[in-house]
There are 2 protein chains.
Amino acid sequence: MIIDCHGHYTTAPAAHTSWREAQQAAYRSGAQPPRYPEITDDEIRETVEGNQLRLMAERGIDLTVFSPRASAMGHHFGDEAVSAAWARVSNDLIARVVELYPDKFIGVCQLPQSPGVPIANSVGELRRCVEELGFVGCNLNPDPSGGHWTSPPLTDESWYPFYEVMVELDVPAMVHVSAVTNPNFHATGSHYLNADTTAFMQFLQSDLFETFPSLRFVIPHGGGAVPYHWGRFRGLADMLGRPPLAGSVMSNVFFDTCVYHQPGINLLFDVVGVDNILFGSEMVGAVRGIDPQTGQYFDDTRRYVDALPLSGSSRQGVYEGNARRVYPRLDVALRQRSR
Amino acid sequence: MIIDCHGHYTTAPAAHTSWREAQQAAYRSGAQPPRYPEITDDEIRETVEGNQLRLMAERGIDLTVFSPRASAMGHHFGDEAVSAAWARVSNDLIARVVELYPDKFIGVCQLPQSPGVPIANSVGELRRCVEELGFVGCNLNPDPSGGHWTSPPLTDESWYPFYEVMVELDVPAMVHVSAVTNPNFHATGSHYLNADTTAFMQFLQSDLFETFPSLRFVIPHGGGAVPYHWGRFRGLADMLGRPPLAGSVMSNVFFDTCVYHQPGINLLFDVVGVDNILFGSEMVGAVRGIDPQTGQYFDDTRRYVDALPLSGSSRQGVYEGNARRVYPRLDVALRQRSR
């Protein structure tokens, strides 16, 4: 089977998105947000059947690890209560998609992060999503400030209370930032990639994975700039007196295949071991058009992976096995389904 | 000939570096900085002959476009007067290196940027360096805050007074950040690459080069994450209603070859036209070790470029012609020398 580890509900029903706008307006004016709207199953079906489900069928993707729209997480907006309410309804909506299409989607949650608020306060929502909604991971925002980078690095001990619960629940986090308020950055054009690179370098510099040997992170968008500069990172590890990447960081860090052209995918597989690569497309996401050079969708990453001369077992790992290993609760869920 | 467009004086004499420390200490204590020390020609010779000149000879590099150490620019430190004094002595030191080895180095200047200070205040030092010292370009820091990204994007009109003079003088800028005070970032491991990606996306989003058709930027470190995500950027240009990269941004933006492994260089040349690539190594720089996979220096980028199946004219362009075109004053200087 083919598992896409990186899909966001970018096509959520208008009522959901409108409620967020109303929530923001209410916060700005000091009022109470309106009640979250009723959204029918048909409305949900309509938003996924013509989008994710259609494209999954066209591209032969069996299952998408599905989470709320990353750019809409907007942790920088409002306060902790605003983020908590928004995370909760966004995750509940994912749970409904999964409930409607249990063979096609499995959930990953948004966290109620808020600038300056201890990450321990996100533990409750993580537990709720994993233990009650059956989610298999979370998206962790290293910069809830929205492009101002005011939080401590992911390797700082202030994050540990959350990591302890990730380890306890045996769920990975995808490192994923959200929208920006800093005009220097474009969310999907630079901030996402910068965050990926930044997180990798933080991990490279620290002993985090000695403290948490089973903690796992997926760095999306093909690892940001990292594979392209793989020699630089190997050389920096050497210069900084850190252990070689293979055997240290790369025991706990995984890249997805959200790289939207063949040469980039070729490079990724050329330098990063196949055990560290999870198939992903971020469809329907940042880049929705058709590449005039190929006549195919930029984000149809399966075509690029299919074009690689991989062995059967390597291909199976990238498409399925690695995801089952990095998301053990996904593996359990799939085994239960197949019974 | 082979021109390395990206070299910093990372081995500057200890007296120079010590003076900077004294200047910083003086600023912190509200005192006057000490007088800048006498540095002899022999001291300068000693710092380059065993380092840059030795490696240039070993690697067959004829000329290095040489600028002050990027990580030491430290624009975030102190105030405008501190940056002005530091830029001046740093540029003067580069001029002395060039004077000692006119066939081997040509100067590019550091600017006296300081957070919140108008970039117009850097025009005087640019003019001095170009018109009096014979420099051929400058390093422009898009984030003088040191990793807090508090300046407007490079495409904001507040930068225009500086661009007008760049155009008048016909000099390009290398987009180059410096050290960081934001603990999220490692200067050479993430901040440099993030800045490269950030600048490219800013250019992609704007009409800057319609306003300044002859303005030219070199984005170093192989363009940050951009070539690896070339499909993403092509797709984003399309989604944002921007013109195709070739024919718009790529008429004014150039990448160097500071990518420290063969697969990365292969990718760069696979996706970016050879007219947009300038040979560079950033030697002696961020990564100084030997790659155990090759037994060669990570930053010996000539080996990677030599290994490419380029035509003679393409190779000549990357090694020499493109640099002459992007730095016309370098071309003039070389022509005058050869007379």
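Which residue in β8(B) is the bridge partner of Ile219(B)? In this predicted model, local features require pLDDT of at least 70 and side-chain atom pairs count only at pLDDT 80 or more, whereas totals for chains, interfaces and linings use all residues. Residues are numbered from 1 along each chain as its sequence is written, chains are lettered from A and ligands numbered from 1 in the order in which they are written, and side-chain values use heavy atoms, with hydrogens and water left out.

The partner of Ile219(B) is Phe255(B) in β8(B). Strands β7 (residues 217-219) and β8 (residues 253-256) of chain B pair in the parallel sense over three bridges (strands being DSSP runs of E of at least two residues, and helices runs of H or I of at least four, numbered from the N terminus; pairing requires at least two DSSP bridges).

Chains B and A each contribute 58 residues to their contact (heavy atoms within 4.5 Å). About 4,500 Å² is buried between them, with carbon and sulfur atoms giving 58% (accessible area, 1.4 Å probe, lost on being put together and summed over both parts). Asn184(B), Tyr228(B) and Arg232(B) supply 20% of the area that chain B buries against chain A, more than any other three residues.

Two salt bridges are counted between the chains (a side-chain nitrogen of Lys or Arg within 4 Å of a carboxyl oxygen of Asp or Glu). Asp291(B) and Arg234(A) form a salt bridge at 2.7 Å, N to O.

Technical notes. Buried area = accessible area lost by both parts, 1.4 Å probe.
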